[in-house]
Amino acid sequence: MTPLPELAERSRFLIENARFMTLATHGPDGVWASTVNYVPLRQPLRLLWYSMRQARHSRNIEADPRISGSIHLTGLPGLGLDGAQFTATARPVGPEELHELSAWYYERNFPDEAVRREWLLPLEVFRDEGPRRFYLLEVHRWWLLDIDRWLMDKKDQRVAVPLDALAGRPTAGSGESAGAR
């Protein structure tokens, strides 16, 4: 069995580098899966993204905030891939958090200032009756692909990784400053 420090390091690598996650939501029209671009926040582990308010997954989150999801990367050394699955709850970002979390999202997602300016949307589109919302999900449980098991007997399984092992490097929202961070 893979030691916990290695599982935690693989998990942190995925969280920091995958950039896209697939969300599984449930609402009045049934289940739905959507891929969104996220940035991580830590302590507790949270993932931040924005979507159209009327997107099916956004409406589903309004109806039932319990979700599951997955992230993966390919082209890695060794097996060539790695991935994780999680359960979480998600919610729209409130007006008191919007400025700080949107700034974190854009700075983290687009470190080059010129590129960031091209992608930056005005905060008004995320407020009140605006067409978009930032969403924040808090991870409750985390599983990683069991690569050792796959290499041993080709059985596709997951191994649970405790959330406290995923603390990793500080990011916005980790408690290092005031406000929503």
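Predicted model: local features only at pLDDT ≥ 70, side-chain atom pairs only at ≥ 80, totals over all residues.
A search of the whole structure finds 10 salt bridges. As background, side chains of opposite charge can pair when their charged atoms come close.

One of the pairs brings together the side chains of Arg 10 and Asp 82, with a distance of 2.7 Å from N to O. This pair links distant parts of the chain, since Arg 10 belongs to helix α1 and Asp 82 to strand β6, 72 residues apart. Both Arg 10 and Asp 82 are buried. A second pair joins Arg 66 to Asp 64, where the closest N and O atoms are 2.8 Å apart. Glu 97 is buried, with a relative accessible area of 12%, while Arg 91 is partly exposed at 33%. Salt bridges also link Glu 16, Arg 42 and Arg 108 in a network.

Helix α1, which holds Arg 10, spans residues 4-17. Its 14 residues reach 20 Å from the first C-alpha to the last, close to the 20 Å expected at 1.5 Å a residue. The buried residues of α1 are Leu 7, Ala 8, Arg 10, Ser 11, Leu 14, Ile 15 and Glu 16. The spacing of such a list can be read with a general rule in mind: an α-helix has 3.6 residues a turn, so residues three or four places apart point the same way. Just after the helix, Arg 19 takes a positive phi of about 70 degrees.

Attention now turns to the strands. Strand β4 covers residues 46-52, and six of its seven residues are buried, so this strand is largely enclosed by the rest of the structure. Strand β3 (residues 39-41) pairs with β4 in the antiparallel sense over three bridges, and within this pairing Leu 41 has Arg 46 of β4 as its bridge partner. Strand β4 is also joined to strand β7 (residues 132-145), by seven bridges, and these two strands run antiparallel. In that pairing, Trp 49 has Tyr 135 of β7 as its bridge partner.

Most residues other than glycine have a negative phi, and most peptide bonds are trans. Against that background, Gln 43, in the loop between β3 and β4, has a positive phi near 50 degrees although it is a residue other than glycine. The peptide bond that joins Gln 43 to Pro 44 is cis, with omega of about 5 degrees. Pro 44 is placed in the loop between β3 and β4. At 43% relative accessibility, Gln 43 counts as partly exposed. A positive phi is also found at Asp 128, where the value is near 45 degrees. Asp 128 lies in the loop between α4 (113-119) and β7, and its 65% relative accessibility makes it exposed.

Ser 102 is placed in helix α3 (residues 95-109). This serine counts as buried, because its relative accessibility of 5% falls under the 20% limit for buried residues. Leaving aside residues up to four places away in sequence, Ser 102 touches Leu 123 and Phe 134. On the surface, Leu 79, Leu 81 and Leu 151 form a nonpolar patch, with about 250 Å² of accessible area together. Leu 79 sits in the loop between β5 (66-74) and β6 (81-92), and its relative accessibility of 32% makes it partly exposed.

Notes: Residues numbered from 1 in each chain as written. Heavy atoms only, no water. Buried < 20%, exposed > 50% of the residue type's maximum accessible area, 1.4 Å probe, protein only. Helix = DSSP H or I, 4+ residues; strand = E, 2+ residues; numbered from the N terminus. Pairing = 2+ DSSP bridges. Contact = heavy atoms within 4.5 Å. Patch = residues over 30% accessible without salt bridge, like charges linked within 9 Å, V, L, I, M, F, W, Y side chains within 5 Å. Areas by Shrake-Rupley, 256 points an atom, 1.4 Å probe, with all protein chains shown as cover. Salt bridge = Lys/Arg side-chain N within 4 Å of Asp/Glu carboxyl O. Expected span 1.5 Å × (residues − 1).
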